Amino acid sequence: MPPLKDKTYSLTVYLLKPGLKEIEYLRTPHAAKKHAVVFSESRKGELFILPSQDSQPKWLSLFSSAVSDLPTIITKHASALLIISIGDATFAVSFGYGRKLLSPGSWEEDFGLKVTLNSLDKDRIRSVDRTSFDAIGQHGRIQASREADINEFGLDLEQDMIRAVTGRPMDQSLGRQLTGKDALHVTLPLTIQNLPELLDRYLKQYKKETYKTHFPWIDQIKAVKDPAVVQDLNQKLAKRLNDKDFTRLWLSIPEIVDWMVVEGFKYKALETAPVHEDVHISDFLAEVKPRSETYTVEFLKRIEIYAVAADGNIMEDWPVYRCIYCEIDHNNETFLLNNGKWYRIGGKFLSRINDFYDAIPKTELSLPQYKDKSEGVYNERVSQELPATLSLMDGKFIVCDPPYGKVEFCDLYCKDKKIIHVKRYTGASAALSHLFAQATVSGTLFRKDGEFRKKATALLPDGFGTIAAVPGPNEYENVLAVISTSKKQFVL
C-alpha cells in the first residue's frame, strides 16, 4: 500500500522584528487564548486563538420585508496565530484572520518578497504587484496568462517599485507557488512536525542575495536609512499636519484592495464610526484627534485606518502613517513618504516627471465656474447653458465587449471635437484615479474600436455632426477638466 500523502495547507508567514516581547508583537495579548504547541521534545511554540466571532451577513436584511420565512444565517470569523522561534529568529504564522493579532510594525518588511525572489525560477513568474511613484500613488497588479520572465511584465524600472511577486520556486519542496511581500504566502503538503524545518529554510532563503543577480534593479529605489534624516522629515510631516498644510500631502490606501468587497473605510474601529467612500486627510483630522491636540508621527503609527466589508466586518487595517503620501523638500533634495518609508528622489527622476507634466498641452477651452452640489449637476447645468456648443454625455453608457462592460464616452462633448472628462476634486486620490481611468478606457476604445465610435455618434444630438469613421491623429482633443470649490489654482 503506498504511503499516505501529507495534507495540503496554505500558510501566511511573517518574520517578527528581533527582540520583541509578547506584549509588543501581540495587538491584544489578553484577548486570545494561548495554547502550547509541541513540535518535538526540544522545540515548542505557542498558538494564540481568538474566539470566533458570529455575525449576520449584511445582505440578509435586504430580504427581511419580502421573505416571510427568512432563515437565520450566521458567519464565523476565526483567528489564530502560531509563534515559533528558530534560532534567534521568531516567526508568526497566521491562520484565518490571525494577522489581526499582530501589532502593526512588528514584522520585517519585504521578508516574503525576498524569500520569493531568492527562490523563484525567473522564467516562471505569474503576477507582479507594483507601486508607482506618481501624483496619485497607483497600485497595480500585472497578471500573466502564462508563467513568464519578469521582463515581459512591462514594468517602468525608473518609476515602479515592486511590492509583491508570485511565481513557482525552483525547489518545489519550498511550495508549489510562492507569493511574497511583507508576508510569505505558500501552499504545500505539510505536517506540524515538519513546520520548524520549513521555516528554517525560508529564513535561509531570506538571508541570501541571489535576487540581485536576476533582479538587480529591485534595490535601485533606495529608502532613506539615516535616522537623523528620517527624524527631520517626520518632524516636517507632523508640522504640515498640525498647520493643515496639505500641499503634496494626502491619504492613499497602501495596498491593492478588492473594490468588489470593500464598502468603505473607517478611522475608528467602533461599529458606530462613519464609513467613508475614500480616505481623505481632512476627514481623518476632523474625526481623530490626539489627547495633546498635536499630531505626532508616533500617534500616526499607532492609529489605524480600517477597510470595511459590506457586512460591516473589518477586512484590513493599516497604520495611518503607512497611508500618507507626502513630498518634502529638504536640504536641496526632494523626499517622498510612501507606504511608511521615506525615499530620496533623484534629480533625473524628478526632472523627468516635471518635464512630462509641463509638456502636456493646456486646452484653450473655457468652461463655466463650478458652483454646484456635484459634478453631475455641474455637467447638466453647463450643457443647458451652452446647448449649441456642449452635449451632455454624463451617464450615457456604451455597452462594450469584455473586459470593459459599460463605458462612458465622456461627460461633455464639444461641437468642435473636444472630448471632455469632468471630475470634482476634493483632495482624495481616488477622484483623480477615476478621472484618468475613464479617459484612458474611453480613449483606447475611441482609437481602436469603430463600433464604439458608431455608438458614441448615436448618442450625440442633432447638429453635432458624426464622429469620424477613422479619426486623424490630431482631429480630436481629450480634455481632463478638474472642478473644485477651492480658490487655489489646481496643480497636479
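The legends below describe close-up views of a predicted model. Residues are numbered from 1 along each chain as its sequence is written, and side-chain values use heavy atoms, with hydrogens and water left out. Local features need pLDDT of at least 70 and side-chain atom pairs count only at pLDDT 80 or more, whereas totals for chains, interfaces and linings use all residues.

View 1. Elements giving two or more residues to the lining include α2 (111-119), β8 (160-169) and β17 (341-345); helices (H or I, at least four residues) and strands (E, at least two) are DSSP runs, numbered from the N terminus. The largest share, five residues, comes from α5.

**View 2. The salt bridge between Asp110 and Lys341.** The side chains of Asp110 and Lys341 form a salt bridge at 3.6 Å, N to O; the term requires a side-chain nitrogen of Lys or Arg within 4 Å of a carboxyl oxygen of Asp or Glu. Asp110 lies in the loop between β5 (89-96) and α2, and Lys341 lies in strand β17, 231 residues apart. Asp110 is buried, at 18% relative accessible area, and Lys341 is partly exposed, at 22%. Buried means under 20% relative accessible area, exposed over 50% and partly exposed in between, with a 1.4 Å probe and protein chains only.

**View 3. The salt bridge between Asp171 and Arg201.** The side chains of Asp171 and Arg201 meet at 2.7 Å, N to O. Asp171 is in the loop between β8 and β9 (177-180), and Arg201 is in helix α3 (residues 195-207), 30 residues apart. Asp171 is partly exposed, with a relative accessible area of 34%, as is Arg201, with 27%.

**View 4. The salt bridge between Lys34 and Glu22.** Lys34 and Glu22 meet through their side chains at 3.1 Å, N to O. Strand β2 (residues 33-38) holds Lys34, and helix α1 (residues 22-25) holds Glu22, twelve residues apart. Lys34 is partly exposed, at 43% relative accessibility.
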